[in-house]
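Please look over the chain shown below before reading on. The report goes through its elements, its surface and a few pairs of residues.

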Amino acid sequence: MSTRKTVKSESGATMSQYDQEVEKRLKALESKAHAKCDGAGGGDVAALEAKVDDLIAKLKTLRTLREVL
C-alpha cells in the first residue's frame, strides 16, 4: 500500500497534490501581478489626457452640429 505525503497549508488544512499545484501556480501569478503595481507602468499619462481632451472637443463639436441641423 502506498503512503501519501501530506502537506499542511498556512491555515493548517491538509492539502492534496492538486491543491499544492494550484497554490504554487497562484503564488506565481500573484508575484507577477504585484510586481507591476508599483506605479511605474511606464504609461504616458499626459498623452492619454491629451487624447481624451481631443475626443471631448470633437464630441462637443458633433453635438453642436446636431443642434444646428
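What follows is a short account of a predicted model.

**Overall layout**

The chain contains two helices and two strands. Read from the N terminus, the order of these elements is β-β-α-α. The mean pLDDT of the chain is 80, and 77% of its residues reach 70 or more. Among the elements, the lowest mean pLDDT, 72, belongs to strand 1 (residues 7-8), while the highest, 88, belongs to helix 2.

Of the 69 residues in the chain, 1% are buried. The accessible surface of the chain is about 6900 Å², and carbon and sulfur atoms account for 57% of that surface.

**Helix 2**

Helix 2 covers residues 45-68. Does this helix lie largely in the open or is it buried? The number of buried residues among its 24 is zero, so helix 2 lies largely in the open. Its length can also be checked: at 1.5 Å a residue, the 24 residues should span 34 Å, and the end C-alpha atoms are 35 Å apart, which agrees.

A nonpolar patch on the surface is formed by Leu55, Leu59 and Leu62. Together these three residues have about 300 Å² of accessible area. Leu55 has its place in helix 2. The relative accessible area of Leu55 is 54%, and because exposed means over 50%, Leu55 counts as exposed.

**Salt bridges**

How many salt bridges does the chain have? The count comes to two.

| Residue | Partner | Closest N and O atoms |
|---|---|---|
| Arg25 | Glu21 | 4.0 Å |
| Asp54 | Lys58 | 3.4 Å |

Arg25 and Glu21 both belong to helix 1 (residues 17-35). They are four residues apart there, so about one helical turn separates them. Arg25 is exposed, at 57% relative accessibility, whereas Glu21 is partly exposed, with a relative accessible area of 38%.

The pair Asp54 and Lys58 is found in helix 2. Because these residues are four residues apart in that helix, they too are separated by about one helical turn. Asp54 is partly exposed, with a relative accessible area of 41%, and Lys58 is exposed, at 53% relative accessibility.

Gln20 is found in helix 1 and counts as partly exposed, at 29% relative accessibility. Which residues is Gln20 in contact with, leaving aside neighbours within four places in sequence? They are Val7 and Met15. Gln20 and Val7 are 13 residues apart in sequence, and their C-alpha atoms are 8.2 Å apart in space. Strand 1 consists of residues 7-8.

Glu23 is also located in helix 1. With a relative accessible area of 32%, Glu23 is partly exposed. Along the chain, 14 residues separate Glu23 from Ser9, and the C-alpha atoms of these two residues are 9.2 Å apart.

Note on methods:
Residues are numbered from 1 along each chain as its sequence is written. This is a predicted model: local features need pLDDT of at least 70, side-chain atom pairs count only at pLDDT 80 or more; totals for chains, interfaces and linings use all residues. Side-chain values use heavy atoms; hydrogens and water are left out. Patches are made of residues with over 30% relative accessible area and no salt bridge: like charges are joined within 9 Å, nonpolar side chains (Val, Leu, Ile, Met, Phe, Trp, Tyr) within 5 Å. Accessible areas come from the Shrake-Rupley method with a 1.4 Å probe; for residues, only the protein chains shown count as cover. A salt bridge is a side-chain nitrogen of Lys or Arg within 4 Å of a carboxyl oxygen of Asp or Glu. Buried means under 20% relative accessible area, exposed over 50%, partly exposed in between (1.4 Å probe, protein chains only). The expected span of a helix is 1.5 Å times one less than its number of residues. pLDDT is the predictor's confidence in each residue, from 0 to 100. Contact means heavy atoms within 4.5 Å.
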